[in-house]
Amino acid sequence: MSNITDQQENEKRPMPLRKGNFVAMAAAGVLIVLGFVLMLGAGSTVDAFNPDIFSTRRIVVGPCLAFIGFVAMVAAIIIPFRKS
């Protein structure tokens with residue numbers, strides 16, 4: 001008898017995350033991955049110094065994009081979206 005009551009209570013509870021949350025989380029995930037991809041590149045070796053390790057793309061743009069993606073991920077989880 002209690003199994004039926006538990007199932008009815010579970011059906012009445014709304015989902016904590018809606019479609020909008022998942023879409024925003026996917027967009028934030030893309031920003032995080034894009035930020036890390038922008039930070040990729042060849043490093044310096046003992047034989048040759050690679051000045052590209054200090055490029056603006058690798059030390060400013062990539063980390064900023066990844067950080068914005070992490071903040072957007074938190075916001076996507078916390079902010080309640082309306083019923084879709």
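User: Why is Asp-52 called partly exposed?

Analyst: The relative accessible area of Asp-52 is 34%. Buried means under 20%, exposed over 50%, and partly exposed in between, with a 1.4 Å probe and protein chains only. The value for Asp-52 falls in between, so Asp-52 is partly exposed. This is a predicted model, in which local features need pLDDT of at least 70, side-chain atom pairs count only at pLDDT 80 or more, and totals for chains, interfaces and linings use all residues. Residues are numbered from 1 along each chain as its sequence is written, and side-chain values use heavy atoms, with hydrogens and water left out.

User: What makes the pair Asp-52 and Arg-57 a salt bridge?

Analyst: Their side chains meet at 4.0 Å, N to O. A salt bridge is a side-chain nitrogen of Lys or Arg within 4 Å of a carboxyl oxygen of Asp or Glu, and the pair is counted as one. Arg-57 is partly exposed because its relative accessibility is 34%.

User: Which residue forms a salt bridge with Arg-58, and why is Arg-58 called buried?

Analyst: The partner is Asp-52, with the closest N and O atoms 3.7 Å apart. Arg-58 has 12% relative accessibility and therefore counts as buried. Salt bridges that share partners join Asp-52, Arg-57 and Arg-58 into one network. The count by this rule is two salt bridges.

User: How do you know that Asn-21 is buried, and what does its side chain reach?

Analyst: Asn-21 has a relative accessible area of 2%, so it is buried. Asn-21 lies in helix H2; helices are DSSP runs of H or I with at least four residues, strands are runs of E with at least two, and both are numbered from the N terminus. The side chain of Asn-21 reaches the backbone oxygen of Ala-76 at 2.6 Å. A polar atom of that side chain also lies 2.9 Å from the backbone oxygen of Ile-79. With neighbours within four places in sequence set aside, Asn-21 is in contact (heavy atoms within 4.5 Å) with Ala-76, Ile-77, Ile-79 and Phe-81.

User: What makes Ile-32 a buried residue, and which residues does it touch?

Analyst: Ile-32 is buried because its relative accessible area is 12%. Ile-32 is in helix H2 and touches Ala-66, Gly-69, Phe-70 and Met-73, not counting residues up to four places away in sequence. The C-alpha atoms of Ile-32 and Ala-72 are separated by 9.4 Å, while the two residues are 40 residues apart along the chain.

User: How does the span of helix H3 compare with the expected one?

Analyst: H3 covers residues 56-78, 23 residues in total. The expected span is 1.5 Å times one less than the number of residues. From first C-alpha to last, H3 reaches 32 Å, close to the 33 Å expected. Its buried residues are Arg-58, Gly-62, Ala-66, Gly-69 and Ala-76, and their cover includes helix H2 (19-39).

User: Why does Val-61 count as partly exposed, and which patch is Val-61 in?

Analyst: Val-61, found in helix H3, has 39% relative accessibility and so counts as partly exposed. Val-61 forms a nonpolar surface patch with Phe-49, Phe-54, Ile-59 and Val-60.

User: What is the secondary structure of the protein chain, and how many of its 84 residues are buried, as a percentage?

Analyst: The protein chain has three helices and zero strands, in the pattern α-α-α along the sequence. Buried residues make up 12% of the 84 residues.

Definitions and conventions
Polar contact = N/O pair within 3.5 Å; in protein donor to acceptor, adjacent residues only side chain to side chain. Patch = residues over 30% accessible without salt bridge, like charges linked within 9 Å, V, L, I, M, F, W, Y side chains within 5 Å. Areas by Shrake-Rupley, 256 points an atom, 1.4 Å probe, with all protein chains shown as cover.
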